[in-house]
Amino acid sequence: MTATVEIQSPEREALGHLVLSLADNKAALGRRYGEWAVSAPTLESAVAAAAMAQDELGHARATYPLLKQLEVAGRGSQVAGCMPVLAAELPSWPWFVAVNFAVDGMLTAFVRACEQSAFVGLAQRARKILQEERSHGVHARAWARRLARDEVQRDPFAAALGEAWWQAARWAGPPDGQEFAALVSGGYLSDGPDALRGSLRSVIGEALEDTGLPRLALPEPRDWDGWNPEERV
């Protein structure tokens, strides 16, 4: 039997929502990456897609058991809990790179905020995940710069990155969200939604700074009507 952990409400429920969404999105991301393992534009990128798929599915598999410790039930279907962009096969390689850059980047920013979590099991998994995510970030930045400099691929990539950013930015939640504030105050997370978005925005901006796509708008979400902490969309 998996032991539960001593985390009081409402922090337990809030952390459960985030851990469940993290696991569901990593499971979906692994499937989307895997679908490009034989059709990526180069042999190297196909190998990278397969490796990243394996990593993400492994991260999801390692994260789901935390739900038992938090006494939170899964959804039964990871697709039901993932960002809309991950609910179906990615339509093109620019979309793959955009998701690699923005969606994977946001999940990694969140995991980094868990690295010193007072929930020891989450902190342990976060440190392991971050080791494997380094190569994902390298792949995203390299391909983003390559597509941004390509006159044919630049506009489709910019459109895909804009949408992937929007969904990833909303996943972090509203800036004044009470659940995130309680988790930061309790030592379960080190950063709130604004810090996560700011970190990802800096990574994207620095990578594209000297390309043909230096002024891509990465707006702050303002309308939170309909957003809920369980679905995170």
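Residues are numbered from 1 along each chain as its sequence is written, and side-chain values use heavy atoms, with hydrogens and water left out. Because the model is predicted, local features need pLDDT of at least 70 and side-chain atom pairs count only at pLDDT 80 or more, while totals for chains, interfaces and linings use all residues.

Q: How far apart are the end C-alpha atoms of helix α2 (residues 43–63)?
A: Helices here are DSSP runs of H or I with at least four residues, numbered from the N terminus. The expected span is 1.5 Å times one less than the number of residues, so the 21 residues of α2 should span 30 Å. The model agrees with this expectation, since the end C-alpha atoms of α2 are 30 Å apart.

Q: Are α1 and α2 roughly parallel or roughly antiparallel to each other?
A: The axes, which are lines fitted to C-alpha atoms over the stretch in contact, with angles from 0 to 180 degrees between N-to-C directions, come within 8 Å for α1 and α2 and cross at roughly 155 degrees. Angles under 35 degrees count as roughly parallel and those over 145 as roughly antiparallel. The two helices α1 and α2 are therefore roughly antiparallel.

Q: Which residues of α8 (193–208) meet α6?
A: The axes of α6 (residues 154–172) and α8 come within 8 Å and cross at roughly 160 degrees, which makes α6 roughly antiparallel to α8. With contact taken as heavy atoms within 4.5 Å, the α6 residues involved are L161, W165, A168, A169 and A172. Their partners in α8 are P193, L196, R197, L200, R201, I204 and L208.

Q: Which side chain makes a polar contact with the side chain of R232?
A: R232 lies in the segment after α8 and is buried (under 20% relative accessible area, with a 1.4 Å probe and protein chains only), its own value being 0%. A polar contact is a pair of N or O atoms within 3.5 Å, one able to donate a hydrogen and the other to accept it, and residues adjacent in sequence count only if both atoms are side-chain atoms. The R232 side chain reaches the backbone oxygen of A172 at 3.2 Å, and its side-chain partner, at 2.7 Å, is E179.

Q: How far apart in space are G121 and A50, C-alpha to C-alpha?
A: G121 is found in helix α5 and is buried, with a relative accessible area of 10%. G121 and A50 are 71 residues apart in sequence, and their C-alpha separation in space is 27 Å.

Key. Buried < 20%, exposed > 50% of the residue type's maximum accessible area, 1.4 Å probe, protein only. Parallel < 35°, antiparallel > 145°, perpendicular 65-115°, else oblique.
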